[in-house]
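Biologist: I would like to learn how to read a model of this kind, feature by feature. Could you take me through it slowly?

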Amino acid sequence: MPIPRRAASFVIAGLMAACCATAARADVNLYTTREPGLIKPLLDAFEDKTGVKVNTVFMKDGLAERVLAEGANSPADVLMMVDFGNLVDLKEKGVTQAISSAILDESIPSQLRDKDGHWFALSVRARVLYAAKDLDLKSFKYEQLSDPKWKGKVCIRSGQHPYNTALIADYIAHHGAEKAEAWLKGVKANLGRKAAGGDRDVAKDILGGICDIGIGNSYYVGLMRSPKAPPEQQEWGKAIKVVLPTFENGGTQVNVSGAAIAKNSPNKADAVKLLEYLVSDDEQAIYAKGNYEYPVKPGAKPDPLIAELGTLTPDKTPLAAIAAHRKEASQLVDKVGFDQ
Amino acid sequence: MTLALTATAGAPPWRARGSGWVAAVALIALLPAAPVASLALTSLQGSWESWPNLIRYVLPDAALQSVALLVGVGVFVAAVGCGAAWLVTAYEFPGRRALSWLLLLPLAIPTYVVAYAYLDLTHPLGPIQGAIRWMLGYHSPREFRLPDIRGMTGCILLLGLVLYPYVYLAVRATFLGQSGALVEAARTLGVSRSGVFWRVALPLARPAVALGVSLALMEALNDVGASEFLGVKTVTLSVYSTWVTRSDLPGAAQIALAMLILVVGLVAIERWGRRRQRFAAGARSARPFAARRLTGWKAAMALALGALPVLFGFALPAGHIANEAWKRLSFAGFSGPILSEIGNTVMVSAAATVIVVALGAVAAYAARLKPLGASKLLARVSTIGYAIPGTVVVIGLLAPIGAIDGAIASTGSMFGVATGLALVGSGAALTLAYAVRFLAIGVGGAEAGLARVPLTLDGAARTLGDGPGGAFLRVHLPLAKGSIAAAALLVFVDVMKELPATLLIRPLNFETLATHLYAEAARGTYEDGAIAALIIVAVGILPVILLSRIGEGVRRTSESSATLAKTR
């Protein structure tokens, strides 16, 4: 039977590829849960500038577990993730290492990086309110999401999604678990449909008449309203107006995307260089222009499509303090049956 | 496939040899046993503190949702699968031949793609509601809209429409192999045509129905994409939120293992329920029963009825994807990497298929050699990978694979060779993961094929001087090749659609069509993924058509098929 031989030759070819891949020492290996389409322009710019090639593997869940299992031989240099909870997790699972870099420390405000230098935020996004265009709404408090006047009018993705768990955890940090539970129950009672889908669906469902208001990330607004977006998405983007909500006693809830250097990084010097490059003015501009995120670097400007949403006043609760309430938040989601 | 039958009256002496086969099947069983063992170890490391919360708030409802989903999907796939199989086997009407392969097409579309397509099609902004509003004279969805499909009913219908081919495929093969003599005997005894279906054909097809339904249900149970889209919170999603959102891998492993025990228990009960049943007919009386020719409006009705699952399970969602892909192509053009992604997809799918089919055939044959011994049990063990959600399997595999890679690397460094990660880096780990996940299909296909070979042939081959291996290659393999080829195609299509394992342990810079599609979906730019989705469907159609030709082949050359699936 010739077929198993072909399979064997595939395995052997793979082994050879593996040996040669490790031989190319000038590369930086990036494990990321950020979508390749979003980060490719950033990496291409780095490659052009430094000649260092970035190999990537994009994953969903289990990035930390994979790095752990690969152990001392792991080729991973840089670990890139969204959501600060995930970044805190990386550190807690022991797959990162502390680095000190004057460039990173100067470019990233201290509340947006790990105090020991294990992870660094590279971009910021806000959890904002999408509302039907004709609604008379100038400002909004997260607390009002549970107001019965919105009964059957609220759209939001799954409560177990990291973006929402972070929002609920922030609510707990502000008001305590008991009030958070009552609030979440109220929001649940207001849902116009199942808590499912993605943030863009909120805008689409507002245009479709399923809901009047909903919660989504700020950069989706830019992505939908961009002239590069498919025509139907531009319609969703135009159907909503965006309010930057705040907590009654705080600011707008923000989350980050960020990166860490892997504990056993084989190409650490280049890996740090990549991180430093990602907070340079050029790259921060790509985060702003290409991805419609808020740059972390003080003074770097967001894209006009994002700037026109209003001035962002990020909530002051430290990210680590919010992360501490994450598990509690996730359990609250279960307890009130938010996703049921 | 039935457990411990009555054949205890002393196995023939030629079966006693062949302990090498037991060793082989033990090695094969090790594959899926490794991740399960590794998960069990992980689960022991956890505290059990999250259980009170889970039991109080999560599991009752998640279990209820899972049961509702499984019952709903089970009834749906059994009804549609058996009904469609009977329609194209027992009747002859214009378009029947085409229908018999068209009915398999939903296999070619990943469930998450169908979910996306239907969400889009039925959305108030989509074409269906748009047309209704236009007919009724409404201008905006705010004036008139239909209820949202997100929810349990939508999820059952959707999964049922995609998964019924598993039942159709298995049951149709059995119907085709059923002896015409049985049907004629029933007819002479005064049983009506529909009576033949209910009292002869269907009961004889029970092992096939069980096989098809259990494959479909495990797919449904492990589905994350569609349930996530449609907001149905199954136990599988609880495993996810425990692991991902609460970073409690041990806790997630605990739930996953509890679920596995339940699934294995259910499968065992079904097997126990038919433990005394045999599904064999005489080896020589094989003559397919004559299909009844329909004409006029009856033929049109039959065609329309048979076309319904194809329309809703394939044509509508695939048409929608094709339309989206077309819009995308004219808007943004064709992206270059997609060619290499096609290459990668076909390569890993082919490699995994070869491995799964080879291992499956060996495991099934070993179980045949020693039906009451360890190998039978081991062959069963080798199929548990299908009963665990994909991501959980892979998480379980990470530790053993990491250990092997570590050992290879330290051996290499003793000789001054930098091996890197031999398994993960080469894609071998990915192929292994597929093998673990889909071995059940390989074993099941080989078992079904081998069951068609009368035991007397084993004896004959051995009397003529062949060893167990020689008999396997010269007698069993040629006779069972139809079923094995069918399993191979099923594995190929399943691997091509597989997502969680592919995402987690593929090498650097290695993209497949499925990962491309997921990357776009994760950005919320499904339209950009439409081209990849369409290619997955297009590449998947070819094996599916081949699959149906195998079925037709059985019909034409049904000399050995009177012995039905699972004779043992």
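This is a predicted model: local features need pLDDT of at least 70, side-chain atom pairs count only at pLDDT 80 or more; totals for chains, interfaces and linings use all residues.

Biologist: Is D170(A) buried or exposed?

Modeller: A residue is buried if 20 or more other C-beta atoms lie within 10 Å of its own, exposed if 12 or fewer, and partly exposed in between, with C-beta atoms placed from the backbone. D170(A) has 28 other C-beta atoms within 10 Å and is therefore buried.

Biologist: Which residues does D170(A) touch, not counting residues up to four places away in sequence?

Modeller: Two residues are in contact if their C-beta atoms, placed from the backbone, lie within 7 Å. With that exclusion, D170(A) touches Q253(A), D315(A), T317(A) and I322(A). As for A329(A), it is 159 residues apart from D170(A) in sequence, and the two are 8.8 Å apart in space, C-alpha to C-alpha.

Biologist: How should I read a strand, and which strands pair with β5(A)?

Modeller: In a regular strand the side chains alternate between the two faces of the sheet. Strand β5 (residues 120–132) of chain A has 12 of its 13 residues buried, so it is largely enclosed by the rest of the structure. Two strands pair if DSSP finds at least two bridges between them. β5(A) runs antiparallel to β9 (residues 254–262) of chain A, to which six bridges join it, and there A121(A) stands opposite G258(A). With β10 (residues 294–295) of chain A, β5(A) pairs in the antiparallel sense over two bridges, S123(A) having P295(A) as its bridge partner. β7 (residues 213–217) of chain A is also antiparallel to β5(A), over five bridges, with R127(A) opposite N217(A). Four bridges join β5(A) to the antiparallel β8 (residues 240–243) of chain A, where A131(A) stands opposite K241(A).

Biologist: How many residues of each chain are in contact where chain A meets chain B?

Modeller: The size of an interface is often given as the accessible area lost when the parts come together. Here we count residues instead: 60 residues of chain A are in contact with 64 residues of chain B. On the side of chain A that touches chain B, α1(A) gives the most, with 13 residues. That side divides into 24 nonpolar, 19 polar and 17 charged residues, where Ala, Val, Leu, Ile, Met, Phe, Trp, Tyr, Cys and Pro count as nonpolar, Asp, Glu, Lys and Arg as charged, and the others, Gly among them, as polar.

Biologist: At what angle do α2(B) and α6(B) pack?

Modeller: Two packed helices are described by the angle between their axes and the distance between the axes. Helix α2 (residues 51–90) of chain B packs against helix α6 (residues 152–177) of chain B at an angle of about 40°, with their axes 6 Å apart; axes are lines fitted to C-alpha atoms, for helices over the stretch in contact, and angles run from 0 to 180 degrees between N-to-C directions. That makes α2(B) oblique to α6(B), given that angles under 35 degrees count as roughly parallel, over 145 as roughly antiparallel, 65 to 115 as roughly perpendicular and the rest as oblique. The residues of this contact comprise 23 nonpolar, five polar and one charged.

Key
Residues are numbered from 1 along each chain as its sequence is written. Chains are lettered from A and ligands numbered from 1 in the order in which they are written.
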